[in-house]
Amino acid sequence: MADAKSQLNLHLARVALRNLLGHPRRTLLTSGAIALGLASLIFLWGFNEGLHRNMLGNFQNSIIGALQIHRQGFFQHPDLSLTISNPQQISETLELHGVTRYSQRLDTFGLAASDHTTQGVMLIGMDPQNEPKVTELGSRIGVGRFLQPDDSYSLILGATTASNLKVRLGDEVVMIGYDRYGAMIAESFTLVGIITSGEMGLDSGMAITSLATLQEMVDLQGQVTTFVINVDEQTLPGLVASLNEDLVDQQLEVMPWYTMFPVMKEWVTLHNGFLYLFLGIVLFIVLAGELNTLLLSMLDRTREFGILMAIGTSRRQIALLMVVEAVGIGIIGILLGTLLGYLIILLTGMIGIDLSILLGSTSRFYVDPLIYPQLKLDHLGITASTILMASILSGVYPAWRASLLQPVEAIRNG
C-alpha cells in the first residue's frame with residue numbers, strides 16, 4: 001500500500017515537471033520575473049550594506065571609535081571633576097581581553113581666541129602615539145599635520161573653526177578655560193593642522209592638542225576622562241558585556257557608538273525598513289504573477305485533472321500537484337535570481353558605485369562617494385525564503401480550485 005502511494009506521488013511529481021517543461025515560455029517568463037525581483041533585492045541589500053559599513057566605519061574612525069569608557073555621568077555632563085580614577089586598571093582589563101587598539105584622552109571645554117574673534121570649542125587632549133591606532137584623524141588633516149609625540153602647545157582645528165577665527169597654519173590661538181580647581185586659565189597654542197574633511201562634528205567646534213599639554217594646562221597630570229577603543233563590529237557587544245562585568249565596581253560607563261549616538265543606529269534601522277517595504281512590493285508582484293500563471297495552467301488542464309481523478313487520484317493529491325508546480329517555478333526563479341544578484345554584487349563590489357555623479361560631496365555625512373556593495377548571507381536567506389513562501393502561497397488558491405473539480409464535468413467540459 002505504501003509502495004503504491006509512493007509510486008503515485010512520484011508519478012504526480014513527474015506530471016508537475018512535465019507541465020513545467022511542456023510550457024517553457026510560460027515557466028521561464030514567470031520564473032524570470034521572480035529572478036529579476038530577487039536580483040534587484042539582492043543588489044539593494046548589498047548596496048545598503050556597503051553604504052552602512054562605509055558610513056559607520058568613517059563615523060567611528062573619524063574621532064569617536066567603536067567604544068568609549070568614561071566615569072559615570074561624564075558623557076552627558078563633561079566635567080574635569082569626573083576623571084577616571086584608575087586608568088591603569090582599565091588598560092590591564094582591555095589587554096586581558098586582547099584589545100590593543102585603544103587610546104586615552106582628556107576632554108574639556110574652552111574658548112578659542114584669535115586676534116580677530118573668539119569661538120567656543122571642545123578641547124580634546126589626545127595621545128599622539130596611540131590615537132592613530134583607534135581613529136584615522138590624521139588622514140582628515142588637509143593642511144599641516146597631526147600631533148607628534150614631542151609637540152608642546154600645538155593645536156589642530158577644523159576648517160570652519162579656523163575660518164571663523166581667521167587663523168592660518170602657524171598662527172597663535174589662545175585657549176581660555178578652567179583648571180581642576182575652577183580657576184580661569186589661558187595658554188597660547190600654535191596652529192599646526194587644519195581638518196578639511198568636511199565631516200559633521202570635525203569641521204567645527206573642536207580643538208585638539210596633545211594629552212600631556214592639556215593635562216599640564218588644567219593641572220591634571222596623569223589623569224584622563226576617556227578611553228577610546230576600536231574593535232570589530234562583531235566582537236563589540238561581547239566586549240561591552242565583559243567590560244561591564246569586569247569594571248562593575250569602578251563607577252564607569254562603557255558606551256558603544258550606538259549608545260552614544262543612537263541616531264546613527266536609528267538611521268540604519270529606518271533605511272533597512274524601506275528595503276523591507278520594497279521587499280513587500282516585490283512579493284506582491286511575485287504572488288500576483290505566479291498566481292495568474294497557475295490559474296491559467298489549471299484552466300488549461302481541467303480535462304487532465306478530471307482524468308486523474310477518474311483513475312483514483314485524490315483531491316488532496318491534485319491540490320498537491322499544483323503546489324509542487326508553484327514551488328518548482330519559485331525554486332527556478334530563486335536560483336536564477338540569486339545567481340544574477342550575486343554576479344551584480346560581485347561586479348559592483350569590485351569597481352564600486354560612484355555617488356558623486358548624482359549627489360556631489362557626501363563627506364559631511366561620513367560617506368565616501370564610492371560605495372562597494374557587500375552581500376550578507378542573512379539578507380540573502382531572508383529574501384530567498386520569503387519569495388519561496390510567496391511562491392507556495394500563490395499555488396494555494398489554484399490548488400483549492402483544482403481540488404473542487406468534479407471528474408465527469410471536468411472531462412466533459414475540459
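Me: Which helix gives the most to the lining of the largest cavity?
Reply: That's α9, with 3 residues. Keep in mind that this is a predicted model.

Me: What volume does the largest cavity have?
Reply: About 60 Å³. By class, its lining has 3 nonpolar, 5 polar and 2 charged residues.

Me: How does the lining of the second largest cavity divide?
Reply: Into 8 nonpolar, 3 polar and no charged residues. That cavity holds about 40 Å³ of space, and β6 (172–178) gives the most to its lining, with 4 residues.

Me: Switching to rings: how many aromatic pairs are there in the whole structure?
Reply: A search finds 8. In one of them, the rings of Phe75 and Phe261 have their planes at 90° and their centres 6.0 Å apart, so the pair is edge-to-face.

Me: What does that pair tie together?
Reply: Phe75 is in the loop between β1 (67–71) and α3 (87–96), while Phe261 is in the loop between α8 (257–260) and α9 (262–300), so the pair links parts 186 residues apart in sequence. Ring pairs also bring Phe59 into a cluster with Phe75 and Phe261.

Me: Is Phe261 buried or partly exposed?
Reply: Partly exposed, at 29% relative accessibility. Trp257, at 3%, counts as buried.

Me: What sits over the ring of Tyr258?
Reply: The charged end of Lys265, 4.4 Å from the ring's centre.

Conventions. Residues numbered from 1 in each chain as written. Predicted model: local features only at pLDDT ≥ 70, side-chain atom pairs only at ≥ 80, totals over all residues. Heavy atoms only, no water. Phe/Tyr/Trp six-rings, centres within 6.5 Å; stacked < 30°, edge-to-face > 60°. Helix = DSSP H or I, 4+ residues; strand = E, 2+ residues; numbered from the N terminus. Buried < 20%, exposed > 50% of the residue type's maximum accessible area, 1.4 Å probe, protein only. Lys NZ or Arg CZ within 6 Å of the ring centre and 35° of its normal. 1 Å grid on protein atoms, 1.4 Å probe; cavity = no way out; pocket = protein on both sides within 12 Å on 5 of 7 lines; lining within 4 Å. Points joined across faces, edges and corners; volume = space filled by probe spheres on them. Nonpolar A, V, L, I, M, F, W, Y, C, P; charged D, E, K, R; others polar.
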